[in-house]
Amino acid sequence: VNSDSIEWILSGSIGSGKTFAAIQLLLYKIHTILCLKDPCKYYEAQSIVFGFFSIHLNLVHSVEYNMFKNFLTNSPYWRKIARLDIEEGNSQKVKKAIFNFPKNVQFAFGSRAVHSLGQDMVAGLMDEVAFSTSVEAKQIIELYNSVKRRLESRYLSTTGRMPGILCVVSSANHEEDWLDRHIKESKEK
């Protein structure tokens with residue numbers, strides 16, 4: 001991943017750490033944006049939004065959100081930044097898992113293109129996007145195009161710089177699924 005990249009595609013076997021790596025990159029992007037005095041003013045945005053997307057909304061919450069929440073919960077730095085309310089005791093549990101980040105950093109979760117509309121999306125994670133059936137592939141293509149368009153139109157066209165990235169993550173299922181075709185198209189550019 002170089003500093004001018006707008007997209008990072010991660011594909012490989014199940015359990016190889018693709019989602020883990022993508023969330024680490026998003027945490028790094030959040031950190032760099034929070035280092036700015038006023039990120040919204042700097043990027044001429046109303047808010048700074050990080051998106052978590054998947055083919056099914058329940059996957060967003062059960063996989064990406066839970067992994068992200070665990071990173072925040074297990075790190076004193078991120079607990080302080082996110083202002084998570086931790087219940088002390090034998091096992092620390094999150095009492096309040098609502099992220100309350102400073103400087104108007106917000107989060108969006110979704111499974112459809114409409115879930116990214118109207119957002120000042122700076123970065124995103126699209127997970128489990130390797131599908132070959134026409135309905136699921138169409139949904140993935142619409143979601144991908146919507147999220148990527150948000151990133152490019154909001155930041156590249158207005159400021160000329162891309163502060164975030166889109167992480168496209170999935171295990172390849174079939175040789176001609178959407179992710180496989182997308183990887184081949186990306187190599188040709």
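Tutor: A nonpolar core is a set of buried Ala, Val, Leu, Ile, Met, Phe, Trp, Tyr and Cys residues joined through side-chain atoms within 4.5 Å; buried means under 20% relative accessible area, exposed over 50%, partly exposed in between (1.4 Å probe, protein chains only). This is a predicted model: local features need pLDDT of at least 70, side-chain atom pairs count only at pLDDT 80 or more, and totals for chains, interfaces and linings use all residues. Residues are numbered from 1 along each chain as its sequence is written, and side-chain values use heavy atoms, leaving out hydrogens and water.

Student: Where does the largest share of the core come from?

Tutor: The largest nonpolar core has 49 residues, and Ile 30 and Leu 72 are among those touching the most other members. Elements (DSSP runs: helices H or I, at least four residues; strands E, at least two; numbered from the N terminus) that each supply at least two residues include S2, H3 and H5. The largest share, eight residues, comes from H1.

Student: At roughly what angle do the axes of H1 and H3 cross?

Tutor: Heavy atoms within 4.5 Å count as contact, and on that basis Phe 20, Ile 23 and Leu 27 are among the H1 residues that meet H3, where Phe 68 and Leu 72 are among the partners. Axes are lines fitted to C-alpha atoms over the stretch in contact, with angles from 0 to 180 degrees between N-to-C directions. The axes of H1 (residues 18-34) and H3 (residues 57-73) come within 10 Å and cross at roughly 55°.

Student: Is Arg 154 buried or exposed?

Tutor: Arg 154 lies in helix H5 and touches residues including Tyr 43, Glu 44 and Asp 120. Its C-alpha atom is separated by 6.6 Å from that of Asp 120, 34 residues apart along the chain. Because its relative accessibility is 14%, Arg 154 counts as buried.

How values were computed: Lists of a residue's contacts leave out its neighbours within four places in sequence.
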